[in-house]
Amino acid sequence: MNPTPPAPAHPTADTVLADLAGMLREVLAEYGDDDVVIGMSTTFNRDLELESIDLVTLAGLMEERYGGRVNLAEFLAGMDFDEIIELTVGRLVEYVVWSLKSTQAG
Amino acid sequence: MVDAGGVRLHVQRLGPPAGRVPHATVVLVHGLLTDSLASYYFTVAPAFAAAGLDVVMYDLRGHGRSERPPEGYTLDHNIDDLTALLDRLDVTGPLHLVGNSYGGTIAFGFTARHPGRVATLALIESEPATASWAAKLGRILHRVTTQLAGDEAAALAWITAHRGHNTARLAKGAARLARETTLGRDIPASRVLTEAQISAVRCPVLGVYGGDSDLVDLVPLKRGLLGDFRAVVLPGHEHSVLVEAPGTVGGHILDLLGAGAGVR
């Protein structure tokens, strides 16, 4: 596995989208899907066909990358079931950028 | 991944924030076929960890990210797996068990086998293994194996049209499990509990039910057999009450744990 560069000091939607797209490709590779286009409007459920257990794997990859600064479990636990079904990559990108910025101050 | 006596199980563990020492361990056991530890990970688990608990979640054999051996799917196999997992994880101190649907049947079976080890037991939309339980599971699994695994493409098209894409995705995994393992035969053939074995469970037991679920009908039976049984019925919900109303379900479970040993 390639060494992961450190989390960006000034996170932007573009850098976080690139991070998350890389992690999602890693998750999807288990299904043999290695040629997936991932953008801000991509949905986890309908477009990527991810099951909830795949999101647990994604949570682990995000923790490796961002440490305790981003908590996918808490983010999703605050949503109702229909919101999770409709969740887009863009919404997660916004959450990650916000989490990284709000933990940077201290 | 943890080797639980010959089968590798996917485990996730969440602890209290900022290095606080947990008061007790709660093990969350998920349901059959379409279920996985994700049903807890993204619902009640973060709140349980924040409440000071060591939260252990695992995928049952054949489910989620755990190994899928071709055979060995009776209730006793699942109870053996849980026993081996707890030994491997070195869980000491108060142990609370939570089970959703079939996960509750496993949690109850573990408690009946090791009554001294369990401080409290929470059963979400669940029941102990009885002869009528085995017969019901036999009917459900027969339907899955004949309709879903039989003509999978047609069944999945119907599910996508009537129940949505997400359910179809989960059903595909269930069909694979039914096709590639002996689960469909093993579970209805499981050894069930006698009334005396059910009554031997003396710890506080909480039952959580969806108001529109037929499992509510079992409340009087459990009240008669169990020494310390409390039932909560949530109107407007069916079997999926854990993922539909996680805040309410989690709150009732934390109340139970507060009344049990070792938790503030």
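In chain B, the centres of domain 1 and domain 2, taken over C-alpha atoms, are separated by 22 Å. The contact between these domains takes 14 residues from domain 1 of chain B and 17 residues from domain 2 of chain B, where two residues are in contact if their C-beta atoms, placed from the backbone, lie within 7 Å. Domain 1 of chain B comprises 2-128 + 191-259, and domain 2 comprises 130-189; such bounds come from an automatic or database domain assignment. The model is predicted, so local features need pLDDT of at least 70 and side-chain atom pairs count only at pLDDT 80 or more, while totals for chains, interfaces and linings use all residues. Residues are numbered from 1 along each chain as its sequence is written, and chains are lettered from A and ligands numbered from 1 in the order in which they are written.

In chain A, the axes of helix α1 (residues 13-29) and helix α5 (residues 89-104) come within 9 Å and cross at roughly 115 degrees. Helices (H or I, at least four residues) and strands (E, at least two) are DSSP runs, numbered from the N terminus. Axes are lines fitted to C-alpha atoms, for helices over the stretch in contact, and angles run from 0 to 180 degrees between N-to-C directions. Ala13(A), Val16(A), Leu17(A) and Leu20(A) in α1(A) meet Val89(A), Leu92(A), Val93(A), Val96(A) and Val97(A) in α5(A). The residues of this contact are nine nonpolar, no polar and no charged; Ala, Val, Leu, Ile, Met, Phe, Trp, Tyr, Cys and Pro count as nonpolar, Asp, Glu, Lys and Arg as charged, and the others, Gly among them, as polar.

Between the chains, 14 residues of chain A are in contact with 18 residues of chain B. On the side of chain A that touches chain B, the elements giving two or more residues are α2 (52-66), α3 (72-77) and α4 (81-85). That side divides into eight nonpolar, two polar and four charged residues.

Asp90(B) is in the loop between α3 (75-88) and β6 (95-100) of chain B, and counts as exposed because it has 7 C-beta neighbours inside 10 Å. Glu125(B) is in the loop between β7 (120-124) and α5 (131-148) of chain B, and counts as buried because it has 26 such neighbours inside 10 Å. A residue is buried if 20 or more other C-beta atoms lie within 10 Å of its own, exposed if 12 or fewer, and partly exposed in between.
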